[in-house]
Amino acid sequence: MNDSPAIEFAHVQYRTSGNRVLLFDLNLAVRRGEVLMLLGPSGSGKTTSLKLINGLLAASEGRVSVDGKPVAEWDLIRLRRHIGYAIQEGGLFPHYTVWENAALVPKLENWEPGKLRARVEEVLNMVGLPPAEFDTRYPHQLSGGQRQRVGLARALAADPPILLMDEPFGALDPITRAELQREFKELQQRLSKTVVFVTHDVSEALLLGHRIALMDQGTLRGVYGPREFLAAADSAVKPYIDAFRAMQQVFQT
Amino acid sequence: MFDFIFSHPREVLALTAEHLWLVGVSMLLAIAAGVPLGIFLTRRPRFKGVVLGGNSIIQTIPSLALFGLLLPLPWLGARADRLAVFALTLYALLPIIQNTYVGITGIDAPVREAATAMGMTSRQILWHVELPLALNVIVAGIRVATVICVGLATIAAAIGAGGLGEFIFRGLSMVDNHVILAGAIPAALMALAADQLLGLAQRLLARVGHAR
């Protein structure tokens, strides 16, 4: 480790093969151990930014660096095993059991069996799926919330220093979502990973993030702490604050 | 109606065995070529038009004509069974290539994306994700191809490759339905058996794979 930011975007542009620009001149540094929320409506470039970090997409201009090393210079397989990835609906392997899904990355890394077993057990317990009850189940035998937990366990299994999360709680009912958000927050306080978390939900961003990067139409509008965000003067922030206040009022009455 | 079959059991068995051999070898070759070709198309989709289109053209050539057209070819034309196997393989190829391609490309995008993002190499993704999840669709293609192949193999007798078609052509020339049936009935049973067997395999795989 060095004192460079965990993740850094320098003048990054991303164009599709059809030459549509999805991301304009992005400059952003993610500090070690922080949870950075990428907040914005769909099409704002947040998922694109996330995929540039683990090399699922390659920047058209500029440079994305992880641990001070440009993504283009990383061995992509090594880079990806160094970064946990959790997505909406989990993206679990339907033909793998809960155990096999969670064990995926340590297995790819050829961990020795004893260490692997201990770690998978630990990580399943961590996400609230006791292995004794869940290890042999298949994803289709789980609820949406449970699938999401397995997705999180899989992302955490090899203990990567960085986690990327793409609306991981987006498809859940409000109660399960709140529960997972709370547990994620506790987990993060314990593990202090560097997390980049994509969301379009302002209260999720305020609840989980150390900082919030607001994106709009492929541009970064600003990066704010939760308090700063609520006080920000940017016109792009306003609709989010309004939505948040409106929701608060509902709860207060 | 079955007089001929019962009075010539040895001959019926021998031709049935020959028929099975023609179909078996052709199918093995078609699977060995078709599955890798289907996988190749998922990696290089721009060849899809050429490969699938070329194969569709072969499918439109009447089998009798194809057997005849291949006859003058140097190495192939030298032995009738060799030529028959080659032609049958060509016919069996399309459903196998197509189903391999469709089976793999039909896998949920998030599953494939997660596999890549977890740091699986493309070979690991192929063996641990794509093939297991596409297997029952691939077997469905093999099933269709096998049934087509059992039927078409009867035509191979026209070029002297043997098989149950011998009885059918002999019966036609003798205007003797008993002899025709001695070829047609075992061939039909063989097609049904292959269909049932592979259907069973497919259901088993679907159960594992959708539990998957």
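Predicted model: local features only at pLDDT ≥ 70, side-chain atom pairs only at ≥ 80, totals over all residues.

**Entry 1: a helix over a sheet.** I started with helix α1 of chain A, residues 46-53, which lies across β3 (35-39), β6, β7, β8 and β9 (211-216) of chain A. Against β8(A), helix α1(A) runs at about 150 degrees.

Entry 2: I found six strands in an open sheet of chain A, in the order β6-β7-β8-β3-β9-β10, with mixed pairing.

I then zoomed in on one pair. Strand β7(A), residues 162-166, and strand β8(A), residues 194-199, run parallel and are joined by five bridges. One spot I checked was D166(A), which stands opposite V198(A) in β8(A).

Reminder from my reading: strands of a sheet pair through backbone hydrogen bonds, either parallel or antiparallel.

**Entry 3: another sheet in chain A.** I also found an open sheet of four strands, ordered β2-β1-β4-β5 in chain A, and its pairing is antiparallel. The edges are β2(A), 21-30, and β5(A), 69-70; each has a single partner strand, so one side of each lacks a neighbour in the sheet. Strand β1(A), residues 7-15, is joined to β2(A) by six bridges, and the two run antiparallel. For V12(A), I looked up the bridge partner in β2(A), and that is L26(A).

**Entry 4: over to chain B.** How many helices and strands does chain B have? I get nine helices and zero strands. The C-alpha atoms of chain B fill a box of roughly 65 × 40 × 20 Å along the principal axes. Of its 212 residues, 40% count as buried. I also checked contacts in chain B between residues at least 6 apart in sequence: 74% of them join residues at least 24 apart.

**Entry 5: two packed helices.** Helix α2(B), residues 9-43, packs with α7(B) at an angle of about 140 degrees, their axes 10 Å apart. That angle makes α2(B) oblique to α7(B). Their crossing is right-handed. Who makes the contact? From α2(B) I noted residues including V23(B), M27(B), A30(B) and I31(B), and from α7(B) residues including L126(B), I138(B), I142(B) and A145(B). The residues of this contact divide into twelve nonpolar, two polar and no charged.

**Entry 6: helix α8 of chain B.** In α8(B), residues 165-174, I found G165(B), E166(B), F167(B) and I168(B) buried. Just after α8(B), V175(B) takes a positive phi of about 50 degrees.

**Entry 7: where the chains touch.** Last stop. The contact takes 17 residues from chain A and 16 residues from chain B. On the chain B side, the elements giving two or more residues are α6(B), 109-117, and α7(B), 122-152. Which one gives the most? That's α6(B), with six residues. The chain B side divides into ten nonpolar, four polar and two charged residues.

Notes. Residues numbered from 1 in each chain as written. Chains lettered and ligands numbered in written order. Contact = placed C-beta atoms within 7 Å. Nonpolar A, V, L, I, M, F, W, Y, C, P; charged D, E, K, R; others polar. Pairing = 2+ DSSP bridges. Axes fitted to C-alpha atoms, helices over the stretch in contact; angles between N-to-C directions. Buried ≥ 20, exposed ≤ 12 C-beta atoms within 10 Å, placed from the backbone. Parallel < 35°, antiparallel > 145°, perpendicular 65-115°, else oblique. Left-handed = near helix turned anticlockwise from the far one by under 90°.
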